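Please keep the sequence and the 3D view at hand while reading.

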Amino acid sequence: GAPGGAGGTSGGSAGAAGGGGSGGTPPMLEPGIRWLGRVVKTQNGARFSWPGTGFAARWQGTSGKVTLKTGQVDYFQLVVDGQVKLLTTQAGEHEYELGQNLAQAEHTVVMWRRTEANYGTVEVTKLDFPGGKLLSPPPPSTKRLEVVGDSISVGFGVECQTQGEAFSYATENNYQTYEAIAGRELGVEVMTMAWSGIGMWRDVGGGLMTQMPVRYLRTLGNED
């Protein structure tokens with residue numbers, strides 16, 4: 001869908017999956033989590049694909065879990081109480097730890113997609129805070145930065161150790177791009193629509209179809 005169109009949203013708070021409700025509909029946990037970037041909300045969570053998409057949440061308790069559906073091994077930056085770590089997924093739908101054995105207190109988490117839309121769509125199908133409760137999410141900044149670009153804005157190969165190291169999606173990291181770093185330093189909400197090799201008219205391979213003026217209009221950059 002197009003940004004702001006049916007089923008699409010750019011950031012904002014939303015409910016996440018909870019226990020069973022009447023009629024088999026899971027209740028929306030309020031006040032919910034804050035989605036980052038362009039997402040398509042689902043009954044239990046959201047789908048997204050642009051780099052830098054994900055969510056921010058705050059909870060009271062000692063542990064948190066997220067269930068993600070990815071098409072292959074994928075990579076996310078987790079920031080729990082300011083501590084940054086890597087989350088690597090497996091293909092399919094699996095549950096992953098956001099934090100465990102934490103102090104019985106308030107905690108914050110940001111999950112940030114490191115990879116880009118041409119690597120496939122990600123779906124959050126459940127968020128769980130065993131023995132705890134979801135609180136209001138960290139508030140968004142009043143300042144916004146939108147970036148439209150190609151590989152440099154995606155973070156293509158930014159974690160390669162040498163100039164000659166071959167690219168793999170494990171070395172792509174949108175969290176370490178110029179715009180993400182600037183956003184953290186300046187306290188700005190960043191939304192990135194970037195695709196490696198893409199152009200406004202022609203891409204790096206000479207192709208003329210489905211360039212950025214087309215993909216920019218999509219909530220999910222890799223889906224019509």
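## Salt bridges

In this predicted model, Glu223 is partly exposed, with a relative accessible area of 26%. Its salt-bridge partner is Arg47, and the closest N and O atoms of the two are 2.7 Å apart. Because Glu223 lies in the segment after α3 (212-215) and Arg47 in strand β3 (residues 46-48), the pair ties together parts that are 176 residues apart in sequence. Arg47 is partly exposed as well, with a relative accessible area of 23%.

The count of salt bridges comes to eight. One of them joins Glu189 to Arg34, with the closest N and O atoms 3.0 Å apart. Glu189 belongs to strand β13 (residues 189-194) and Arg34 to strand β2 (residues 33-41), so this pair ties together parts that are 155 residues apart in sequence.

How many of the residues of strand β6 (residues 75-80) are buried? Six of its six residues are, and the strand is described as mostly covered. Burial applies to both faces of β6: Tyr75, Gln77 and Val79 are buried on one side, and Phe76, Leu78 and Val80 are buried on the other.

Strand β6 pairs with β7 (residues 83-88) in the antiparallel sense, over six bridges. Within this pairing, Gln77 stands opposite Leu86 of β7. The two strands form a hairpin with two residues between them, and Asp81 in the turn has a positive phi of about 50 degrees. Strand β6 is also joined to strand β9 (residues 105-113), by five bridges, and these two strands run antiparallel. In that pairing, Val80 stands opposite Val109 of β9.

Thr89 is placed in the loop between β7 and β8 (92-99). Is this residue buried or exposed? Thr89 is buried, with a relative accessible area of 0%.

The side chain of Thr89 is joined to that of Thr70 by a polar contact of 3.1 Å. Leaving aside neighbours within four places in sequence, the residues in contact with Thr89 are Leu68, Thr70, Gln72, Val73, Asp74, Phe76 and Tyr96. Phe76, included in this list, is one of the buried residues of β6.

## Aromatic pairs

Aromatic pairs number six in this model. In one of them, the ring centres of Trp112 and Tyr175 are 5.5 Å apart and the ring planes meet at 80 degrees; planes over 60 degrees apart count as edge-to-face, so the pair belongs to that class. The pair links distant parts of the chain, 63 residues apart: Trp112 is in strand β9, and Tyr175 is in the loop between α1 (151-154) and α2 (178-186). Trp112 counts as buried at 11% relative accessibility, and Tyr175 counts as buried at 8%.

The rings of Phe167 and Tyr169 have their centres 5.2 Å apart and their planes at 75 degrees, so this pair is edge-to-face. Phe167 counts as partly exposed at 28% relative accessibility, and Tyr169 is partly exposed with a relative accessible area of 22%. These two residues belong to one aromatic cluster, which is formed by Tyr119, Phe156, Phe167 and Tyr169.

## Charges over rings

Which residue lies over the face of Tyr175? It is Arg184, at 3.7 Å from the ring centre.

How values were computed:
Residues numbered from 1 in each chain as written. Predicted model: local features only at pLDDT ≥ 70, side-chain atom pairs only at ≥ 80, totals over all residues. Heavy atoms only, no water. Buried < 20%, exposed > 50% of the residue type's maximum accessible area, 1.4 Å probe, protein only. Helix = DSSP H or I, 4+ residues; strand = E, 2+ residues; numbered from the N terminus. Pairing = 2+ DSSP bridges. Salt bridge = Lys/Arg side-chain N within 4 Å of Asp/Glu carboxyl O. Polar contact = N/O pair within 3.5 Å; in protein donor to acceptor, adjacent residues only side chain to side chain. Contact = heavy atoms within 4.5 Å. Phe/Tyr/Trp six-rings, centres within 6.5 Å; stacked < 30°, edge-to-face > 60°. Lys NZ or Arg CZ within 6 Å of the ring centre and 35° of its normal.
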